[in-house]
Amino acid sequence: MQFHHHGYVSGDPRILPAAGTGRDRPSELPDRMDVMIVGSGPAGMLLAAQLSQYPSIMTRVVERRPGRLEIGQADGIQARSVETFQAFGFAERIVAEAFHLTAMNFWGPDPADPSKIIRNQREKDDPRGVSEFPHLIVNQARVLDYFAESAVNGPARIRPDFGYEFLGLEIAEDGEYPVTVRLRHTAGEHDGEERTVLAKYVVGCDGAHSAVRESIGCKHVGDKSFHAWGVMDVLTVTDFPDIRTKCAIQSHSEGSILHIPREGGFLFRMYVDLGELTPETHDTIRATTLDHIIAKANRIMNPYTVEVKNVAWWSVYEVGHRVTDKFDNVPAELTGDQLPRVFIAGDACHTHSAKAGQGMNVSMQDGFNLGWKLGQVLEGRSPASLLDTYSGERQVIAQNLIDFDREWAAMMAKKPEEFASPTELAEFYTATAEFPAGFMTQYTPSMITGDATNQHLATGFTIGKRFKSAHAMRVADANPVHLGHHARADGRWRLYAFADAPAAGEDSALADWAEWLASPESPVALFTPRGSDLDNVFDAKVVYQQRYQDVELGVVPKIFLPRVGPFGLIDYQKVYCVDPDQEDFFEARGIDREGCVVVVRPDQYVAHILPLSARDELVDFFATGMLPQ
């Protein structure tokens with residue numbers, strides 16, 4: 001964490017100084033705004049936290065509920081999401097309070113007595129070590145609390161406007177505020193009254209029954225599985241030995257359970273198989289009682305018993321697999337000719353089972369993808385065509401999720417005799433671990449993602465996939481760090497320059513590239529607003545092949561020691577080398593010893609890899625998605 005560069009900070013350094021629209025922010029919802037976010041769920045609150053870093057933009061979040069969410073239905077936090085929390089500054093705190101999911105046990109019928117279950121396999125949750133971050137279980141409401149804190153502590157001071165229901169919208173062909181939104185008060189002295197507001201952009205994060213989606217004519221495409229599940233968060237007394245371990249439990253004839261321990265050491269969640277649905281039972285399944293779910297769970301877990309003492313939440317649902325045909329208001333055939341004004345994110349555009357733990361996680365990545373793009377466009381840093389990439393990128397990811405979830409849900413619903421072997425479910429779980437962890441997302445070439453021509457220069461940073469951090473040592477203070485953990489969700493692009501073999505101060509390809517990067521012909525000069533800090537748009541860092549003792553800061557190119565803040569202080573946190581106590585960074589990520597540049601998007605995905613000599617190519621890449629300043 002960096003602070004004091006604007007003067008001494010004696011309070012909480014996570015609370016940034018208010019700026020722009022954050023100063024004297026009106027407490028009442030204004031009549032006009034730049035961005036209206038409908039819904040304060042995971043996608044909406046991450047979007048608010050991101051846009052809070054753009055204080056020139058007036059962003060408001062309207063929520064039908066009268067106050068914060070108290071009990072969330074989602075609870076699984078994949079490692080990719082924890083990486084995202086790190087970018088927003090609260091990973092350490094939420095990791096401390098969450099349950100860490102490190103193993104999964106598999107139970108099935110006892111061959112000696114099929115009416116009883118026995119444990120037949122134990123598996124690591126992350127057998128390949130795909131991330132340095134853990135897989136967590138924590139109440140969705142706490143995730144929203146942290147994002148709400150990030151949003152209100154950001155310069156724009158964004159906080160939800162509770163008690164507003166979205167009714168509909170109309171989009172004009174032109175005008176500064178082309179979207180007219182109709183709202184209704186749902187609480188307070190104006191309860192039931194309607195009002196109209198104007199916005200430049202609207203983002204519907206209002207759930208599976210999204211009114212925003214309906215208002216722009218988008219359709220959910222997909223089907224139901226015709227299989228019902230009961231879910232409950234409970235406190236119990238039980239003799240089941242794996243009650244604090246994630247388990248897939250399959251009985252001989254009563255169905256299956258997905259068991260997930262919750263945070264706090266006592267609470268757990270069970271997804272209880274209620275069986276296949278028929279036309280006769282389809283409409284009556286929701287009448288299933290809690291007592292029925294508890295009794296079914298006990299039959300599945302025989303010879304063990306579960307005595308429920310307290311129920312925090314429970315529900316009955318049918319698995320559905322649907323993805324919306326478009327994630328914005330522009331018909332597919334008009335993409336590129338008509339600019340989008342309304343977007344949807346999260347459950348508003350993809351719904352699936354809860355058992356793969358993807359809903360909240362994928363929804364947050366929707367918000368992360370869209371947030372910086374809106375910020376760049378509204379601040380005049382990028383053309384409005386950048387917004388076309390949101391639907392283009394995220395719809396493919398949502399479809400991949402639906403396909404995976406359909407397969408996983410079908411596996412969980414199988415009967416024991418339908419498996420090829422008793423270990424088939426466990427083998428599927430471990431073989432596909434990288435997908436549910438959130439690390440299989442890969443964006444295809446576009447105006448913000450390059451092609452794979454130079455992928456060989458950094459084989460461990462797949463273009464289009466998230467920047468996979470590795471150990472480095474900060475030269476200025478000899479602190480061992482994960483290089484990627486320093487990046488914040490501040491809307492900046494990252495330029496990671498991996499040096500060739502000569503040391504700092506010697507003639508090298510890196511030194512020549514750094515001199516050019518500080519010149520008037522570079523992207524830094526072309527796309528950084530006049531009068532702002534040198535690293536306001538591009539956060540350029542260098543990683544040397546030498547040990548920190550062999551790197552003298554005095555001869556490091558000045559572009560990596562920029563002057564920042566009103567006092568022009570030197571930022572010393574951009575110069576790194578290999579960590580002698582860890583695997584060599586260049587070896588760990590397949591970096592060519594001749595050096596290269598890895599370009600990373602504001603949402604942490606690798607955008608391009610170029611040799612240090614490819615200067616025109618770097619300028620041309622940014623020129624497609626940024627505007628000269």
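Buried here means under 20% relative accessible area. The close-ups below all come from a predicted model.

View 1. Trp-493 is buried at 3% relative accessibility, and Phe-621 is buried at 9%. Now look at Phe-498 and Phe-586, with centres 5.8 Å apart and planes at 85°, so that pair is edge-to-face as well. Here, too, distant parts of the chain are linked: Phe-498 belongs to strand 21 and Phe-586 to helix 12 (residues 585–588), 88 residues apart. Phe-498 comes out at 0% relative accessibility, which makes it buried. Phe-586, at 1%, is under the 20% cut-off, so it counts as buried.

**View 2. An aromatic cluster.** Phe-85, Phe-88, Phe-90, Tyr-146, Phe-147 and Phe-368 come together as one cluster.

View 3. The disulfide count is 0, and a bond would need two cysteine sulfurs within 2.5 Å. For Cys-205, the closest cysteine sulfur is in Cys-349, 8.4 Å away, so it is too far for a bond. For Cys-596, the closest is in Cys-577 at 17 Å, again too far. Both residues are tucked inside: Cys-205 is buried with a relative accessible area of 9%, and Cys-596 is buried with 0%.

View 4. Going from Asn-302 to Pro-303, the peptide bond is cis, with omega near 20°. You'll find Pro-303 in the loop between helix 6 (290–300) and strand 16 (306–324).

View 5. Asp-24 isn't a glycine, yet its phi is positive at about 55°. Asp-24 lies in the segment before strand 1 (32–38) and is exposed, with 77% relative accessibility. Ala-478 isn't a glycine either, and its phi is also positive, about 55°. Look for Ala-478 in the loop between strand 19 (471–474) and strand 20 (479–482), where it is partly exposed at 25% relative accessibility.

Conventions: Residues are numbered from 1 along each chain as its sequence is written. This is a predicted model: local features need pLDDT of at least 70, side-chain atom pairs count only at pLDDT 80 or more; totals for chains, interfaces and linings use all residues. Side-chain values use heavy atoms; hydrogens and water are left out. Buried means under 20% relative accessible area, exposed over 50%, partly exposed in between (1.4 Å probe, protein chains only). Helices (H or I, at least four residues) and strands (E, at least two) are DSSP runs, numbered from the N terminus. Rings of Phe, Tyr and Trp (its six-membered ring) pair if their centres lie within 6.5 Å; planes under 30 degrees apart count as stacked, over 60 as edge-to-face and the rest as tilted.
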